[in-house]
Each structure stands twice: as C-alpha cells, then as structure tokens.
Amino acid sequence: MSASRHRAEWWITGPSFIWLLVLFVVPTLMIFVITFRPSDPWGGIGDGWTLETLRRIFSGHYGAIIWRTFWISAVATALCMALALPSGYFIARASLRWRSTLLLLVIIPFWTSFLIRIFAWKVLLHPDGYVKQALVFLRLMDADTSLLYRSESVLLVLVYTLLPFAILPIYAAAEKFDFSLMEAARDLGAGKIRAWLRVFLPGIQRGLVTAVVMVFIPALGSYVIPDIVGGPTSEMIGNKIAQRTFVDRNLPHASGLAAGLTLAVLAPMLMVLYMQARRPASKQGAR
Amino acid sequence: MKRSNIPLYTTVAVLVFFYLPIAVLILHSFNASRFSGAWEGFSLRWYIRLFQEPDIWHAFRNTMVVALIATTASVTLGVAAAFALHRYHTRLQRIHYIMIYTPLVVPDILMGMSLLLFFVAIGAKLGLGTIVLAHTSFCVSYVAMVVLARLQDFDFSVMEAAQDLGAGWWTATVKILLPMLAPGIAAGALLAFTLSIDDFVITFFVTGPGATTLPIQIYSMIKHGSPPLINALSTILIMVTFVLVWSVQKLMEDKHA
Amino acid sequence: MESFLEFRDVTKSYGRIHAVDQVSLTVKRGEFFSLLGPSGCGKTTLLRMLAGFEQPDQGRIFLDGEDITDLPPNRRKVNTIFQNYALFPHMTVRENIAFGPRVAKRPSGEIHEEVERMLALIMLEEHAEKYPHQVSGGQKQRVAIARALINKPRVLLLDEPLAALDLKLRQHMLVELERIHDQVGITFLYVTHDQGEAMSLSDRIAVMKQGHVEQLGRPAEIYEAPVSSFVASFIGDTNFFDGEVLDTAGTDYLRLRVEGLPEVWCYNDKKKNIGDLVHLSVRPEKFRISKDVPSDEPNLNSVQARVEDIIYLGSLTRFRVRAGDVLIAVTQQHSRFLLDQEPIQWEDDVWISWHADDSYMLDRVTPESPGTNGDVGS
C-alpha cells in the first residue's frame with residue numbers, strides 16, 4: 001500500500017481511534033491499575049502501590065453475592081431465550097407489512113430510558129398496586145407477602161429490560177434463514193419439533209450466541225434494577241461496586257470488584273468479537 | 001399441516017408484557033390520585049406541577065446541552081470511523097473495529113466506573129464536562145455502526161460514474177456520497193441523541209455537583225418520593241423517545257427500494 | 001490505418017491470473033466496436049482500463065494520439081454507460097444529465113440548452129423532473145446515455161448495457177443504440193457476452209478469451225471465417241469435421257478422409273498438402289436437406305443420414321441428423337410455402353449435402369472447445 005494511502009488512512013482513523021484509546025481503553029485498564037492503589041481519606045486515590053485492597057476483597061465474603069449475580073443472570077438469560085426464540089421466529093415469518101410494525105413495537109421500549117421502565121415495574125408491583133390487588137383477589141397470594149424487594153422481582157425486571165436484546169439478534173438470524181430447509185426436512189419425514197431442533201436452531205446459531213451474550217453480560221453488570229426493585233437479600237455485584245464508590249468512598253475497592261466483573265465479562269465478549277471479526281469484508285465491486 | 005400457534009401467542013404475550021408497565025405509567029400520569037392503586041379521575045395536575053419545578057427545568061437544560069454537544073462530537077468521530085472501517089482492511093482497522101465494537105457490549109457500570117477512575121486519576125473536575133466526554137465516548141460506537149451499515153449497502157458505482165463524468169474525488173464526495181449518506185448519518189445522530197438523553201448509570205458515575213440531568217433527577221425522585229411527578233416526566237420522555245426512534249426507523253428504510 | 005484509440009501490449013493481472021494478457025488493438029474513429037466473449041475473458045477489465053478505473057500493469061493506451069494511461073478517470077475525454085446505470089438517486093433526470101457540464105463549469109445558459117437537446121435525443125422531455133426510481137429500466141438506460149453523451153466524449157464505453165433488460169426492451173434498445181450512434185457519430189466501445197448484440201450493432205468485433213483477442217474483424221468475417229473452434233462455436237452454431245488430406249485436386253480442392261463419413265471435399269484456401277490435418281467448420285445453414293437423392297454436382301458433398309431431432313421455428317427448422325456415428329446440425333430455411341411439400345419427419349432417411357466452398361478451414365482447434373469429428377458445437 002502506498003505511503004499516501006497510509007497517511008490518508010491515519011488521518012481518517014485517527015480521531016475516533018485516539019478518542020476511544022484515551023476515553024475507553026485507558027479507563028478500562030485503569031480499573032485494573034487502581035485496584036493496586038490505596039484509598040485516600042477524602043475518597044480519592046492515594047499514592048503508592050498496595051495489595052491491601054486485593055486482600056480485603058478476597059476476604060470480604062463476596063462469594064454469596066457473586067454466586068447470586070451469576071445465577072440470576074443465568075436464569076434471566078434462559079427465560080429471555082425461551083421467550084425470544086418463538087417471538088423472533090414469529091416476526092421473521094410474518095408478512096413484510098406486519099414485520100416492520102412488530103419490529104417497531106419491540107424496538108420502542110428498547111430505546112425508552114430503562115430507568116423509566118424499571119420505575120414502571122416498581123409502580124406495578126407496589127403493595128398498593130393493581131397487580132398485587134389482582135393476585136390477592138384471585139387468592140394467589142396473601143396480603144402480607146411483597147412482590148417487591150426480592151430476587152424474583154429483580155429477575156422479572158431483568159428479563160423485561162433485556163428481552164429486546166435477545167429478540168433482535170434472533171430475529172435478524174431467522175430473517176436470513178432459508179425456511180425452505182425446514183420444508184425439506186418435513187418432506188423427508190422429520191416431525192415439527194425435530195425439524196426445529198435439528199435444522200432451524202443450528203441454522204441460526206450465530207444469532208443464538210449473540211442473543212445469549214447480549215443478555216448475559218449486561219445482566220452480570222446490573223446495578224439499577226437490584227437497587228430499585230431489589231432488596232438487601234437480592235444484591236448483585238453491581239450494587240456493591242456502587243456502594244463502595246458512593247457510600248464508602250473507597251475507589252480502589254470498588255475498582256477491584258469492577259476488575260473482577262470485567263474479567264468475568266471478557267470471556268464471552270471475546271467469543272462474540274472473534275465471530276464478528278470472521279465475517280467477510282464488504283464487497284468492493286470486484287470484477 | 002397446521003402451524004403451531006406457540007410463536008404467535010408468545011409474541012403477543014411478549015408485546016403485552018412490554019407495554020403493560022409503560023401503559024400503566026402513562027395512565028397514572030393522568031391520575032388525579034397520588035396513589036397508583038386507585039383511580040380518581042383524569043387530571044393534568046402532575047404535568048402542571050412538573051412545569052413548575054425549577055429542578056426539573058435545570059436538569060432538562062443540562063440534558064439538552066449535553067445531548068447536543070455529545071451528538072455533534074460523536075457523529076463527527078463516528079462517521080470518520082465508519083469511513084475508515086469501510087475503506088481500509090488493514091491490521092489497524094481490525095484493532096479499530098474491536099475498539100468501536102467493545103463499548104457496545106460492555107455493561108454500563110463498568111464504563112461508568114472506568115471513566116470515574118480515569119477522571120479522578122487525572123484530577124478532572126466532575127461535572128457537565130465529564131458527562132459530555134462520557135456520552136460522546138459511548139455514542140461514537142453506535143453512530144459508527146449505523147453509518148458503516150449504510151456504507152456496506154452503498155453502491156459505489158455512482159462514485160465511479162461521478163468521476164467518469166469529470167468530478168474529482170472531493171466533488172464526488174460532496175455532491176454524491178454525502179447527500180446519499182445523509183439519511184444514515186441523520187439516523188446515527190438521532191440514535192446518539194436518544195442514548196444521551198436517556199443515559200443514567202454512566203452519567204451517575206461521572207457527574208458532579210450541579211450537573212444533574214433528567215435521568216439523574218428521575219432517579220433521585222424515585223428514591224425520595226413524588227411518584228406522580230415521575231409518571232408525568234416519564235410519559236413525556238417516552239413520547240419524545242417514540243418520535244425519535246420512529247424517525248430513525250424511517251430514515252434507515254431504503255427510500256428507493 | 002489511422003488509429004483513433006489504441007491499446008498497446010496492455011496487460012493486467014490479479015495475482016497469478018492474467019485478466020488481460022498483452023492485448024493490442026486499435027479502434028477507428030466513429031466505429032462501433034465490440035469486445036465480445038464469455039465472462040472472465042477480460043473484456044470488462046479492458047474497458048475499465050480505458051475509462052481509468054483500473055491501471056494496466058504493462059502497456060499503454062492512446063486516444064487520438066495522446067497517451068492517456070496515467071490520466072485519472074475524470075480527466076479523460078471518455079464516458080461510460082454502467083451496467084446498472086449508476087444514476088444519482090438524489091438528483092432528477094435533468095440534474096443527472098447536467099452533472100458533467102456543471103462539474104466542468106460550463107455557463108448555465110449553455111447547460112440548459114444542451115440538456116434540452118439531450119432530452120429530445122432520448123425522447124424523455126416529459127420525465128425531466130422525475131427521479132431515477134420513478135422511471136423504468138429502459139428509460140434509466142436512456143438517461144445514462146444522455147448523461148454521458150452531453151459531455152461530447154471522444155469514446156463512449158458501454159458495459160453490457162442491455163444485460164438487465166427483458167427481451168422486448170432489449171430489442172428496442174438495440175435499435176435505439178444504433179440510431180444514436182448514427183446520429184451522434186462518435187466512437188462506441190461496446191462490451192457484451194451476447195453475440196447477437198455484437199453482430200447486429202458492430203462495425204468490427206474483437207472476440208476475446210482468457211485475456212487475449214482470439215479474432216478481430218467484421219461480423220461477417222467472424223461468422224463465416226472463424227480462426228479457431230472457440231470462435232466458431234461461440235458465435236452461432238456449427239459442425240466440426242476433422243480430417244486427413246488424401247488427395248489434392250489441382251491446388252484448389254482437397255479430398256479428406258473424415259472418420260465416420262464418406263470422403264469429404266473442401267476448398268484449399270490454406271494451401272494444405274497430402275497427409276496434413278485439417279479442421280473444418282460447416283455452419284448448419286450451409287446444408288441442403290432432402291428425402292431425394294441430390295444431383296451429382298462437382299464439389300458437392302452428399303451424405304445419407306437419419307433424422308433424430310426436429311425443432312420447428314416457423315421460418316426455419318433445426319434438424320439433428322445422424323450419419324453413421326456422426327451427429328450433424330442442419331438448418332433449413334422455408335423459403336417456399338411449407339404445407340405444399342411433404343415435411344421431413346423423425347426417423348426419416350434423408351440426404352444432406354453441402355458445397356466444398358461452403359466449409360471453412362480453421363487455423364486452430366481450441367483445447368477446451370469441442371473440435372472432434374462431427375461434434376456439434378454451439
């Protein structure tokens with residue numbers, strides 16, 4: 001490649017590259033670096049290096065929270081997939097006119113401030129709210145139990161906020177899927193379920209993986225949801241990070257926890273990136 | 001052969017699930033009663049109260065300023081990034097692509113935390129400035145991906161035609177490429193704007209005294225009471241988001257399909 | 001020969017593949033010149049090098065005496081009609097046509113006049129304010145032509161312009177292109193894989209294969225006197241007969257031994273001798289087919305055959321007959337009222353005959369093309 005083309009590439013790439021380097025890559029690395037610094041009395045970062053924070057984290061009984069974070073995220077992911085698969089399939093099979101309407105209906109809540117959506121559930125699940133009234137009326141629960149401030153409510157709202165992230169990739173993959181393959185399978189004697197399992201699911205596997213990753217990773221990092229609709233028994237690691245930052249004013253400690261979360265998130269993320277990077281480059285009018 | 005109805009029922013159930021809380025919220029913003037458990041008649045009092053709250057206006061102004069600056073900056077950076085990613089296929093671009101793509105997958109709390117650490121470490125004063133920097137950073141990726149998608153669908157033979165007819169590279173870009181790309185760029189800008197006005201977690205981490213945005217205001221209202229006002233504010237935000245997203249969808253549709 | 005456009009030893013490779021392999025050819029001023037060949041033969045690459053979108057690895061390109069090889073596309077006095085038209089979707093028909101002159105900063109009065117003239121030439125005056133997505137395929141084609149011609153290029157390049165049109169439209173546009181060429185008088189360089197288009201439009205054709213020119217000549221020359229079996233079978237149908245020279249009757253005619261057939265006479269234009277190998281191409285329309293025994297004319301080849309296949313097409317019938325082991329394609333023109341005659345049926349025994357003057361001796365047999373005895377090439 002010629003030198004002038006090189007220079008042109010650097011000029012165009014430079015701005016976004018440098019910006020993200022400074023304001024994304026470096027801060028992410030800082031999460032790991034600050035873990036090894038002491039906290040200063042005014043809530044900032046002190047000088048020098050120490051392993052004290054790391055020691056405190058490992059002896060800090062975070063096991064229960066880490067486990068809870070993990071299983072809530074996993075269950076939420078499973079529920080999302082169970083709901084997203086039929087929906088994504090349905091929308092992909094719908095006629096064109098319906099399809100864009102359905103997509104719009106799915107996308108709009110997706111872009112609404114999630115703070116608002118979480119709050120909406122807080123209202124719905126409120127002890128005086130409609131849902132509670134209805135359930136008590138139907139004798140499905142008694143008036144004492146609360147719908148809020150428990151792991152189940154966190155799970156519910158998690159599924160609610162993350163479901164679009166599962167539906168859209170599955171829809172995208174299903175839309176590109178050649179459904180005549182399903183007909184061929186039926187023609188060759190496969191039952192409906194078998195055709196679905198053996199032909200459809202493998203055919204959209206990229207979409208499935210993307211969906212799982214796009215739900216699981218944000219779920220691990222949940223903070224606002226457990227904060228608003230969860231209680232002390234349903235705290236997740238995100239809450240602890242926020243608590244250490246804003247309440248305890250111990251940045252290195254929060255940083256250490258964040259570092260752990262970053263590592264947990266890195267693994268599935270790298271997998272998605274690997275698949276994305278393998279996608280062929282766009283065509284350039286080859287002759 | 002009868003098609004199973006499970007997909008249909010699931011989709012309908014999912015959509016009801018999506019809109020139920022939002023519908024209830026919007027409903028109650030017009031509820032004369034403070035309490036969401038009882039309906040006391042249609043009323044606009046909460047909206048009126050909302051318009052009288054100085055804190056709300058302050059937060060609104062901040063949100064707008066931040067969104068406008070962040071959108072402008074992220075569109076500039078994002079469009080350039082998209083061009084680079086589309087045109088060149090070097091090792092540099094592969095790293096570039098990872099840098100653009102990763103923020104889309106990283107949980108907000110990690111982005112917020114990392115930026116807070118960064119700002120504290122360099123001694124920056126937390127406030128609207130840091131919020132703008134943070135918003136620009138996560139918006140660049142969205143803009144870049146939207147514009148990149150448009151570039152990948154772009155038929156570059158019109159550029160060859162322009163050159164064939166005598167236009168130099170610059171003229172061709174300005175008269176042909178940019179006008180044709182304008183809807184895609186506008187879609188990216190609207191997306192960035194929407195993300196910025198709705199962001200909470202990242203803003204929460206990097207904000208400072210006096211730099212309250214609407215989402216932060218909503219959060220403190222959730223924590224410290226006054227639910228009906230939140231209903232009203234939320235309804236307005238939902239409506240605005242609806243209009244913005246609808247416009248983005250329209251712009252992303254191929255007009256000449 | 002005055003050369004107006006010249007490719008001199010032009011080569012272009014992609015990796016180890018030579019898309020264009022040392023091609024030299026010249027095009028005369030005002031000519032309608034076609035590059036004809038199957039996909040991958042290099043015709044499009046050659047065109048794009050002339051337009052300036054590709055650079056030759058070796059060789060030079062001259063236009064009207066000027067070496068334009070290193071000029072960027074926007075500085076060449078050459079305009080292209082793209083296969084998918086490449087009209088600017090955000091501009092009206094009028095604005096599309098005016099683009100070239102606007103870029104060249106012509107005075108606006110002059111632009112307006114020229115655009116009106118072009119709209120009249122392509123007969124789209126009522127559609128001037130429409131956008132490309134509002135007009136039909138054929139109309140888009142004409143806009144593309146006007147947009148190119150308004151710049152008064154020295155050469156107009158057409159890259160398979162009729163490929164995207166349906167049959168009726170294609171036939172109509174063929175006439176249009178011819179009319180425009182006659183009216184405007186500039187040199188056309190036309191790229192196609194469709195031999196019908198090339199034959200009907202061109203003054204001369206260059207048949208290309210795998211990066212080089214197989215044969216260059218007028219359509220009739222290419223059709224009647226193909227140099228290789230590739231050219232013979234790419235254009236139209238033909239029959240190939242390979243034989244060994246048994247006898248030379250004077251120096252004008254040869255008697256050949258062709259496997260599976262009785263002795264065959266052919267005209268000796270390549271001055272072959274006894275023992276030489278000869279490859280003949282005989283076009284199906286050169287045969288006479290009849291149930292009657294043909295009269296005994298000098299230098300007339302006659303063979304008995306059985307009819308295996310009949311395709312009746314109204315004005316003519318295509319036969320496939322088998323003589324011994326050899327399958328031969330014969331086309332019979334119905335110049336008399338057919339129903340007065342007794343038609344030839346399947347499995348009839350017939351006589352087919354052709355004159356020794358009507359076969360053509362190929363220079364070479366192209367390896368991948370059919371070239372063996374009595375193989376019907378099409």
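I looked up which residues of H4(C) meet H5(C), and found Gly137(C), Gly138(C), Gln141(C), Ile145(C) and Leu149(C) facing Leu169(C), His172(C), Met173(C), Ile180(C) and Val184(C), where contact requires that the C-beta atoms of two residues, placed from the backbone, lie within 7 Å. The residues of this contact divide into six nonpolar, four polar and no charged; I count Ala, Val, Leu, Ile, Met, Phe, Trp, Tyr, Cys and Pro as nonpolar, Asp, Glu, Lys and Arg as charged, and the others, Gly among them, as polar. Helices (H or I, at least four residues) and strands (E, at least two) are DSSP runs numbered from the N terminus.

I note that this is a predicted model, in which local features need pLDDT of at least 70 and side-chain atom pairs count only at pLDDT 80 or more, while totals for chains, interfaces and linings use all residues. Residues are numbered from 1 along each chain as its sequence is written, and chains are lettered from A and ligands numbered from 1 in the order in which they are written.

For the geometry, I recorded that the axes of H4 (residues 137-149) and H5 (residues 167-184) of chain C come within 11 Å and cross at roughly 20°, the axes being lines fitted to C-alpha atoms over the stretch in contact, with angles from 0 to 180 degrees between N-to-C directions. That angle makes H4(C) roughly parallel to H5(C), a label given to angles under 35 degrees, with over 145 being roughly antiparallel, 65 to 115 roughly perpendicular and the rest oblique. The crossing of H4(C) and H5(C) is right-handed, that is, the near helix is turned clockwise from the far one by less than a right angle, anticlockwise being left-handed.

**Helix H2, chain C**

I next checked H2 (residues 93-103) of chain C, which is mostly covered, with eight of its 11 residues buried. A residue is buried if 20 or more other C-beta atoms, placed from the backbone, lie within 10 Å of its own, exposed if 12 or fewer, and partly exposed in between. The buried residues of H2(C) are Val93(C), Arg94(C), Asn96(C), Ile97(C), Ala98(C), Phe99(C), Gly100(C) and Pro101(C), and their cover includes H3 (108-121) and H4 of chain C. After H2(C) comes Lys105(C), with a positive phi near 60°.

**Open sheet, chain C**

I traced an open sheet of four strands in chain C, ordered S2-S1-S4-S5 with antiparallel pairing; strands pair if DSSP finds at least two bridges between them. S2 (17-27) and S5 (66-67) of chain C are the edge strands, each with a single partner, so one side of each has no neighbour in the sheet. S1 (residues 5-14) of chain C is joined to S2(C) by seven bridges, the two running antiparallel, and Ser13(C) stands opposite His18(C) in S2(C).

Chain C comes to eight helices and 21 strands; its C-alpha trace spans about 75 × 50 × 35 Å along its principal axes, and 39% of its 378 residues count as buried. Chain B, by contrast, has 11 helices and zero strands, spans about 70 × 70 × 35 Å along its principal axes by its C-alpha trace, and has 49% of its 257 residues counted as buried. Among contacts in chain B with a separation of 6 or more, 77% are between residues 24 or more positions apart.

**Side of chain B that touches chain A**

I found 74 residues of chain B in contact with 74 residues of chain A. H1(B) gives the most to this side of chain B, with 14 residues, and the residues of this side divide into 52 nonpolar, 19 polar and three charged.

**Single residues**

I looked up Ala195(A), which lies in H9 (residues 192-203) of chain A and is buried, with 20 other C-beta atoms within 10 Å. Not counting residues up to four places away in sequence, Ala195(A) touches Met182(A), Ala185(A), Arg186(A), Ala190(A) and Phe200(A).

Most residues other than glycine have a negative phi. Arg249(A) has a positive phi near 55°, sits in the loop between H12 (237-247) and H13 (251-277) of chain A, and counts as partly exposed, with 15 C-beta neighbours inside 10 Å. Asn299(C), with a positive phi near 60°, is in the loop between S15 (288-290) and S16 (300-312) of chain C, and counts as partly exposed, with 15 C-beta neighbours inside 10 Å.
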